[in-house]
Amino acid sequence: MVEAASGKFVVVVDETKLVTGLGGSGLAMPVEVVQFCWKYNQVRLQGLFNEEGCEAKLRLNEDGKPYVTDNSNYIVDLYFKTPIKDALGAGKEIAALEGVVEHGLFLNMASSVIIAGSDGVSVKTK
């Protein structure tokens, strides 16, 4: 929401965040889903990414109950064994599922990226 309302969206990272493909790092890629059909979406999401070795898990809080977002939804975390082949296509497929609110593929959003690295700071712009 903030990015959509902003004139510019600047991302600041260190060089360890640079990757050749999205997914496959062992980190979760969140998908926010409505509570009513979370299980349906978990199965569908895992099925979408069989080739990438995806495992879809409902996010739980410390007491073992489903984590609830500020909007009273659940999060299904996707863990990829290999990078997503087509991130733009994946984003469209995820967003098209009934009951999906949003996904964690922040595609084509940044107007600039500031990268801190061992050789100093660099800036990439669209």
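This is a predicted model: local features need pLDDT of at least 70, side-chain atom pairs count only at pLDDT 80 or more; totals for chains, interfaces and linings use all residues.
Local features need pLDDT of at least 70 and side-chain atom pairs count only at pLDDT 80 or more, while totals for chains, interfaces and linings use all residues. Residues are numbered from 1 along each chain as its sequence is written, and side-chain values use heavy atoms, with hydrogens and water left out.

The structure holds four salt bridges. A salt bridge is a side-chain nitrogen of Lys or Arg within 4 Å of a carboxyl oxygen of Asp or Glu. One of them joins the side chains of Glu51 and Lys85, at 3.1 Å from N to O. This pair links distant parts of the chain, 34 residues apart. Glu51 sits in the loop between helix 2 (38–48) and strand 3 (55–58). Lys85 sits in the loop between strand 4 (74–79) and helix 3 (87–96). Helices (H or I, at least four residues) and strands (E, at least two) are DSSP runs, numbered from the N terminus. Both Glu51 and Lys85 are exposed. Exposed means over 50% relative accessible area, buried under 20%, and partly exposed in between (1.4 Å probe, protein chains only).

Another salt bridge pairs Asp77 with Arg59, at 2.7 Å from N to O. Here too, distant parts of the chain are linked, 18 residues apart. Asp77 lies in strand 4, and Arg59 lies in the loop between strand 3 and strand 4. Asp77 has a relative accessible area of 5%, so Asp77 is buried. Arg59 is partly exposed, because its relative accessible area is 28%.

Glu55 also forms a salt bridge, with Lys57. The closest N and O atoms are 4.0 Å apart. Glu55 counts as partly exposed because its relative accessibility is 40%. Lys57 has a relative accessible area of 40%, so Lys57 is partly exposed.
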